[in-house]
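Please look through the model shown here.

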Amino acid sequence: MNFRQLTQLEIQRLEAQGCRCSNWQQVVVAQGFDPKYVINVTLSGHVTLGFFEKEVTLPSGAPAHSGIFNAYLHQCKIGNNVYISNVGSSIANYHIDDEVIVENVGSIYTEGLSTFGNGLEINTVNESGERAIPMYNELTSQVAYTIAFGHNDMQVVAALEQLIKQYAEKQSSNVGYISKNVRITSCNLIKNVKIGEAAIIEGAQSLTNGSINSTADAPSYIGSGVTAHNFIMCNNSRLSDSALIQHCFIGQGVHLGRLFSAEHSLFFANSECFNGEACSIFAGPYTVSHHKSTLLIAGTFSFYNAGSGTNQSNHMYKLGPIHQGVLDRGCKTGSGAYLMFPAHVGAFSVILGTHKNHIDTTVFPFSYIVEKEEITHVIPGMNLRSVGIRRDIQKWPARDARKATRKLDLINFESLTPYSMGAILQGIEALEHLQSQAPDASVYSHNGVKISRGALIKGVQYYNEAINTFLYKTLVIRLAKAEWSNAAELQTVLQPINDTAIGIWHDIAGMYTPASEMSALFESVKNGSLQSIEQVVEIFENIHSQYDELAWVWAADLLQKRTKKPIAQLTAKEIIDIVAKGAKAEDDVTRTLKSEAAKDIELLDKMSFDLDRYRHSTDNIPFVANLVKQAEEQQIRNAELLKRLEAVAINYN
């Protein structure tokens, strides 16, 4: 766009309208500029003004003409059709893009050289800062998790931190930026904040040293009373209702509000926290806390729901707050639940009561963890047959609030995976070892918890059912995706691509990966072949896209061990038996879930609140209806697969 100096007539017109400038020669305007729409404005330093030719609609719905009214601008570049009105102090050192609305604000300015939150270290997971993570605009849960938990190889951590530092340095500027179509109204202070396209900021108290990475397809929002200092917000995120945020990263689809306070914490995709407080937490995808009395501190969570009054302790009053806790994905805490850190809870577990003995239940996923007379008891595998966890697993994909074309955090919603099966296999081994050591015992001890004899026996049963279901589902997915019509083609399909995915798997804050893939990534980081943090993210995206293939490598290895023959030598008849066994296990669980749902509904009818004693039915419950639908669809797919397998078996014989 071409700019020009003001004419003498334009200067006279501006001064007649109450405008002031110590040096009009430092002011340039766009072609088409009309001084008619600049009234009572003080200008200083180098100022660039666009043209004002459009009507705008204010947040109240009232029409107004674009222009600048009652403001002080210092060292600013103002785009076309911007509306600025009633600036209490000044707007300084800012580039404001086209069609922005700024109304009734105190101060908006950039002071000194700023990276707008990029590169700032967040003392997440451990309050002492031992696992600090430097944040940046496009921080993903996978990159953050690798830095926080990659301390077995500090060379990798240091290299990743250096790549982020390089990124942050590129963001540095002494001029702030407000992108197109932003709306800022009734805000007190905005200092050293870069604001992305279409963001809405209304009634914020104080925003300092941060980035709001809003986009047109996924705008971000900051509401009344919000205070945020040293922060980064991703697109499609929200801060509202007097949220108090310090040293925090706010990921895509995240909403923090209703007086929620957080410091030195990371919140990733679709997390939602209200009323309570958080300190030094790693809130992986779908971390949820809704209650005033809830404190989350120095912990790692994902797909987590915190009950009212949930609390943890990380301070032993000796060396300070150096302890931390990990709740693997899918955990829930009941009302008043308490954990003393350090502690590690296995995936998809429910925690009820108070637990002060530093529990470790990593090899008992899908468990109930309960308190009995101040002693922690574990019921292994109980949650595998819980309608609650199945409902959660179904609702998470439907509640993905991210609208952006590019989704930063990589999320796999599966629950039965090589990661959870690896823990289950260890759990079975631990339970069977306990029983072999004391066959007649009524209660067993393991890693600070108690397990009753009945719970142990049931746990082994539930875990074996889960393994059968996993193998069956993985096998069905493998066969359904491929073309095959005879034994030779079937064996080719069954052959895994390699053996690198055998062994330990990790859940990297929402994404499953074999340990071997992480080791390869570590080597690439250390040898310098990855020159930017964006290239690191591309590696994670590639691993994520290959999940089905890699999961089959792990499942095929387990099938070989269980059948005691190479996977490619399995006959159609043997595969039919595996599918039948897995389908039966899944059907048994489905019946249990329907029965549990029916019992929950019965409680409504025992104490009716309806005038006509309305009788409820599970048929009207969306979860149950969806469960039945999924089961019926799976039966149809199984029937089609079995028909193909039987044809191969007949021809082979």
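## A hairpin

Tyr-444 stands opposite Ile-451 in S41. Strand S40 (residues 443-446) pairs with S41 in the antiparallel sense, over four bridges. Strands are DSSP runs of E with at least two residues, helices are runs of H or I with at least four, and both are numbered from the N terminus. Two strands pair if DSSP finds at least two bridges between them. The two strands S40 and S41 form a hairpin with two residues between them. Asn-447 in the turn has a positive phi of about 50°.

This is a predicted model: local features need pLDDT of at least 70, side-chain atom pairs count only at pLDDT 80 or more, and totals for chains, interfaces and linings use all residues. Residues are numbered from 1 along each chain as its sequence is written, and side-chain values use heavy atoms, with hydrogens and water left out.

Which side chains of S41 (residues 449-452) are buried? Val-449 and Ile-451 are, and they point to one face. Buried means under 20% relative accessible area, exposed means over 50%, and partly exposed lies in between (1.4 Å probe, protein chains only).

## Nonpolar cores

A nonpolar core is a set of buried Ala, Val, Leu, Ile, Met, Phe, Trp, Tyr and Cys residues joined through side-chain atoms within 4.5 Å. The largest one has 188 residues, and Leu-207 and Phe-267 touch the most other members. H6 gives the most to this core, with 13 residues. A second, separate core has seven residues, including Val-589 and Phe-623.

Contact means heavy atoms within 4.5 Å. Leaving aside neighbours within four places in sequence, Phe-267 is in contact with residues including Cys-248, Phe-249, Leu-256 and Ile-281.

## Two pockets

A pocket is found on a 1 Å grid over the protein atoms alone: it is an open set of points where a 1.4 Å probe fits, with protein on both sides within 12 Å along at least five of seven lines. Lining residues have an atom within 4 Å of a point. Points are joined across faces, edges and corners, and a volume is the space filled by probe spheres set on the points.

The largest pocket has a volume of about 1,200 Å³. It is lined by 46 residues, and the closest to its centre are Glu-414, Leu-416, Lys-473, Ile-477 and Glu-586. H6 (453-481) is one of the helices that supply at least two lining residues. By class, the lining has 24 nonpolar, ten polar and twelve charged residues. Here Ala, Val, Leu, Ile, Met, Phe, Trp, Tyr, Cys and Pro count as nonpolar, Asp, Glu, Lys and Arg as charged, and the others, Gly among them, as polar.

The second largest pocket holds about 830 Å³ of space. Of its 38 lining residues, the closest to its centre are Tyr-145, Tyr-419, Trp-505, His-506 and Asp-507. H5 gives the largest share of this lining, six residues.

Most residues other than glycine have a negative phi, and most peptide bonds are trans. Arg-258 has a positive phi of about 50°. Arg-258 is in the loop between strand S22 (255-257) and strand S23 (261-267). Asn-270 has a positive phi near 65°.

Asn-270 is buried, at 7%. A cis peptide bond joins Phe-341 and Pro-342, with omega about 5°.
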